[in-house]
Amino acid sequence: MRPLKLTISGFGPYAGTTTLDMEKIGQSGLYLITGDTGAGKTTIFDAITYALYGEASGGSREVSMLRSKYAEINTPTEVELIFEYRKKRYRVKRNPEYERLSKRGEGTTTQKAEAELIYPDGLVITKTKEVTAAIIDIMGIDYHQFSRITMIAQGEFLKLLLASTEERKSIFRQIFQTKRYQTLQERIKAESGSLKSQCESLKSGISQYVSGICCEEDDELYAKFEQAKAGELTSEETIALIEKLIQKDCEAEKQKKNMLEKVEEQLAEISTQLGKAIAIEKVKKNLSSTEEMLLQKEKEEQHLFTILESEQSRQAEHEQLSERITMVRSQLHQYDELDASKEKLEQMNRTFLEKSKYLDQKKEKLEEEMLQLMALKKKLNNLKDCETLKEKLINQYENERQRLERLNALANSLNSCMKLEKKQKEAQEEYRDALEVAERAQRDYSNKNRAFLDEQAGILAEMLQEGEACPVCGAVEHPCLAVKSKGAPTEAELEKAKKNNEKMQKRAADASTAAGELSGQIFSKKSEIEKNCTDLIGVYNYDAVPERLSHALEKAEAAIADFEEKISIEEKKVKEKIKIENEIPIGETKIREWEDEISGLDKYTSTLYAEIESMTAVWKKQSSKLEYESKSDAEKIIQEMKRKRTAMEKALELARREHQEMKSQIDGLQGKIRAQKEQLKDADCIDINLEKEKQAALLLDKQSLNHILTALTSRSSSNHSALHNIHRQSRELARLETRWGWVKSLSNTANGNISGKEKIMLETYIQMTYFDRVIARANTRFMKMSSGQYELKRGIEADNNRSQSGLELNVIDHYNGTERSVKSLSGGESFKASLSLALGLSDEIQSYAGGICLDSMFVDEGFGSLDEDSLQQAVKVLAGLTEGKRLVGIISHVNELKEKIDKQIVITKEKSGGSRVTILS
């Protein structure tokens with residue numbers, strides 16, 4: 001990657017837009033970036049890195065800090081870089097988020113971060129993340145690799161030189177991506193810790209299960225039971241103890257169960273005898289109760305027989321009701337015929353009333369329509385001249401409207417003229433102000449010019465030297481020199497006063513011209529207004545126009561409003577006339593139709609009235625022959641008689657059924673008494689109280705045995721459960737302890753925790769390989785820069801076996817054959833060592849990335865701590881990096897480098913703020 005053109009705007013110390021044409025530097029060799037402290041040398045690196053990856057080159061500079069504090073509010077903050085990669089040109093442009101002027105309204109708004117990448121074929125990619133991904137794809141390296149390979153930042157690699165093993169681990173983890181080895185170490189360590197916790201948890205669980213073992217205090221095994229709970233027995237001894245306790249409880253449980261069975265057999269025998277005795281007593285009580293119930297039922301049977309005879313005596317009344325129902329039912333069809341006649345008669349009456357009412361309404365409507373028709377004809381006669389009057393008013397309105405338009409045009413001209421007069425006054429005021437300023441500038445210049453000419457002798461005297469000829473008189477001796485006064489202006493001040501005078505004179509002339517042009521426009525406008533006023537308002541004087549014009553406008557507007565109102569009234573009359581002309585024929589036709597309809601209705605109502613009179617007489621004759629008013633009344637009487645007859649039938653049936661049921665109950669009671677007497681004939685005599693006493697004693701024995709069995713069962717169950725869980729936990733504990741043994745060994749090895757040996761972790765071991773390669777590459781430069789005195793070497797051991805080791809760095813001094821820590825090097829030696837290490841790391845990362853093509857490198861180091869020879873050697877090493885077609889840029893303000901390196905980018909810090917760039921090629 002070779003930068004060709006860099007454009008910076010509002011970025012860091014660069015307030016405006018600065019462009020670096022880096023093609024002027026060439027395609028290979030060293031070039032120097034030099035300038036004042038704080039002028040913006042490192043910002044060149046920041047801008048290139050930001051354009052490519054959206055981040056600054058140094059870790060201490062955030063993207064939010066890139067906006068220039070010197071930039072104007074309307075100056076954008078952005079970087080554009082044109083670079084070449086594998087002989088193809090790319091253009092990338094980025095801007096960070098910053099506050100800018102709002103395009104709409106006042107105040108500021110936030111400009112979002114944006115990016116754009118243009119490929120050689122014209123393809124355009126936008127959005128910050130997409131552009132960064134495309135840059136990584138093109139160059140094959142990310143931001144961190146780029147900053148380590150091409151950007152050797154100031155002071156960064158002195159940190160790497162003096163870092164501890166832990167600090168170097170963190171640096172190499174990011175550079176060589178060894179995070180996965182650290183993850184593997186931590187996973188193995190976590191697995192070892194987890195297995196240890198599981199083993200401890202299982203041991204704790206076994207202790208809890210042992211505490212759950214049960215044993216009676218009077219048992220011969222109780223002493224061993226106490227030892228087991230105290231943890232004094234092994235798992236095997238504890239298991240053997242539990243098995244003995246379980247066996248003893250099983251034997252005791254079997255014995256108690258046999259005793260319980262015998263007690264339950266005796267209780268069953270007693271229960272049988274008690275059952276027999278209780279049954280005999282129950283039969284005796286039931287026999288007495290049944291005999292009493294039989295006497296009661298016999299009395300009730302006599303009462304029910306009396307009721308049955310009474311119901312049987314009402315059969316004659318039942319037959320009379322049946323005959324009456326048959327007779328009334330035979331007349332029901334006659335009620336239907338009478339109802340049909342009545343309904344027809346009522347319908348005819350309703351029709352007659354409706355038609356009569358409708359006929360009266362029609363007659364009233366006909367009369368109203370005839371009156372309305374007469375009124376319309378009268379109104380039409382009154383509106384016969386409205387159309388002619390409307391046309392006359394429209395013509396008058398149009399004339400007045402045209403006159404109003406001319407008056408408005410005249411008013412607009414008058415307003416324009418007044419605005420011009422106002423502008424003329426302002427222009428005249430500006431002219432007077434400009435003239436006053438110009439006169440002051442003229443006086444200032446004249447005074448300074450005169451003072452400058454007066455002081456020329458003093459200025460010439462300052463330039464004279466003893467023994468040299470005077471340019472005026474030729475004398476070589478100058479006994480009495482003229483003295484320059486303190487207030488005399490310099491030539492630069494005189495020139496400035498002259499330019500200011502010319503500027504103010506021009507400004508006054510321009511103001512005079514502007515005021516004169518406005519005067520001409522006003523004269524032309526007034527002439528036009530006076531000409532138009534003669535015809536419209538009869539005024540010849542311009543000053544009288546505003547008042548007369550205002551009165552004429554009001555009068556014209558009032559006249560137009562009056563015409564509009566009158567025209568509107570006449571238009572309504574015309575519409576009304578047309579409407580009446582259409583309504584009159586319609587009304588006449590409607591009146592003729594209604595007269596014909598009224599005549600037909602008169603004939604229909606007369607005929608219908610005669611039919612109603614005849615049918616009414618027939619209906620009255622039919623209704624006089626029937627017993628009840630209506631069919632519904634007759635049906636109600638029938639239903640009432642049916643209910644009465646049904647009630648008599650149900651009462652008779654109920655009396656028969658109750659009497660029969662009572663006789664059946666009496667027969668059943670008599671049979672029951674015979675059976676109970678038969679049961680009592682051969683019954684044994686049993687002492688119930690004695691049997692109950694025996695039963696109570698046996699129940700106490702049974703309860704005691706059940707309590708003992710429950711305790712044995714519970715203890716045996718607890719011991720069985722403890723035995724099962726201890727067996728299971730012991731097997732699992734043995735398995736986990738075996739696994740934990742080899743996982744712990746693996747974790748100690750991977751995490752560098754083996755007692756008595758070097759503390760080297762797996763990740764550190766991998767990083768040691770990379771570190772050895774970096775040191776080998778660094779020594780090719782360090783040996784050269786130190787004239788063969790020093791060589792870097794990775795430390796084999798740490799200070800003690802308790803600290804992590806593997807990435808320590810020592811230096812071999814070939815002059816005295818010693819090996820010591822790099823921290824013992826002097827400032828200049830440390831600089832050479834750190835630069836060599838940085839270049840070695842850059843070579844290794846480039847090799848690690850593989851297939852990348854980097855034609856440029858940037859070194860931001862001070863070089864100020866080096867003596868002349870060391871500086872010469874450092875430059876030779878850096879020059880060696882330019883072999884082929886590679887450019888190496890060095891940031892420094894060391895004067896010796898300025899003399900040794902011809903190609904330079906010189907950055908100057910301006911007093912007014914901001915910086916400027918000059919390229920020396």
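This note goes through the predicted model point by point, from its overall make-up to single residues.

1. Basis of the values. The model is predicted, so that local features need pLDDT of at least 70 and side-chain atom pairs count only at pLDDT 80 or more, whereas totals for chains, interfaces and linings use all residues. Residues are numbered from 1 along each chain as its sequence is written, and side-chain values use heavy atoms, with hydrogens and water left out.

2. Overall make-up. The protein has 20 helices and 17 strands, where helices (H or I, at least four residues) and strands (E, at least two) are DSSP runs numbered from the N terminus. Of its 921 residues, 37% are buried; here buried means under 20% relative accessible area, exposed means over 50%, and partly exposed lies in between (1.4 Å probe, protein chains only). The protein exposes about 55400 Å², of which carbon and sulfur atoms supply 49%, with accessible areas taken from the Shrake-Rupley method with a 1.4 Å probe and, for residues, only the protein chains shown counting as cover. Among contacts (heavy atoms within 4.5 Å) with a separation of 6 or more, 75% are accounted for by residues 24 or more positions apart.

3. Strand β1. Strand β1 covers residues 2-11 and contains Thr7, which counts as buried because its relative accessible area is 16%. Leaving aside residues up to four places away in sequence, Thr7 touches Thr17, Thr18, Thr19, Glu78, Val79 and Glu80. Arg2 forms a salt bridge with Glu84, the closest N and O atoms being 3.4 Å apart, a salt bridge being a side-chain nitrogen of Lys or Arg within 4 Å of a carboxyl oxygen of Asp or Glu. This pair links distant parts of the chain, with Arg2 in strand β1 and Glu84 in strand β4 (residues 78-85), 82 residues apart. Both partners count as buried, Arg2 at 6% relative accessibility and Glu84 at 18%.

4. Side chains of opposite charge can pair when their charged atoms come close, and by the rule used here the count comes to 22 salt bridges. One of them joins the side chains of Glu191 and Arg739 (3.2 Å, N to O). That pair links distant parts of the chain, as Glu191 is in helix α6 (residues 179-211) and Arg739 in helix α16 (residues 688-750), 548 residues apart. Glu191 is partly exposed, with a relative accessible area of 30%, and Arg739 counts as partly exposed at 31% relative accessibility. Elsewhere, Glu398, Arg401 and Glu405 are linked in a network of salt bridges.

5. Helices α10 and α14. Which residue forms a salt bridge with Glu597? The partner is Lys362, and the closest N and O atoms are 3.6 Å apart. The two residues are 235 residues apart and link distant parts of the chain, Glu597 being in helix α14 (residues 545-623) and Lys362 in helix α10. Glu597 counts as partly exposed at 31% relative accessibility, whereas Lys362 counts as buried at 13%. Lys363 is also found in helix α10 and is partly exposed, with a relative accessible area of 39%. Not counting residues up to four places away in sequence, Lys363 touches Ile598 and Asp602; the C-alpha atoms of Lys363 and Ile598 are separated by 7.2 Å, although these residues are 235 residues apart along the chain.

6. Glu364 is found in helix α10, which runs over residues 332-382, and is exposed, with a relative accessible area of 52%.

7. Backbone points to check by eye. Most residues other than glycine have a negative phi. Lys87, however, has a positive phi of about 65° although it is not a glycine; Lys87 lies in the loop between β4 and β5 (88-95) and is exposed, with a relative accessible area of 80%. Lys127 likewise has a positive phi, of about 75°, and is not a glycine; Lys127 lies in the loop between β9 (124-126) and α2 (128-139) and counts as exposed at 57% relative accessibility.

8. Asp46 is found in helix α1 (residues 41-53) and counts as buried because its relative accessibility is 3%. The C-alpha atoms of Asp46 and Gly12, which are 34 residues apart along the chain, are separated by 9.1 Å.
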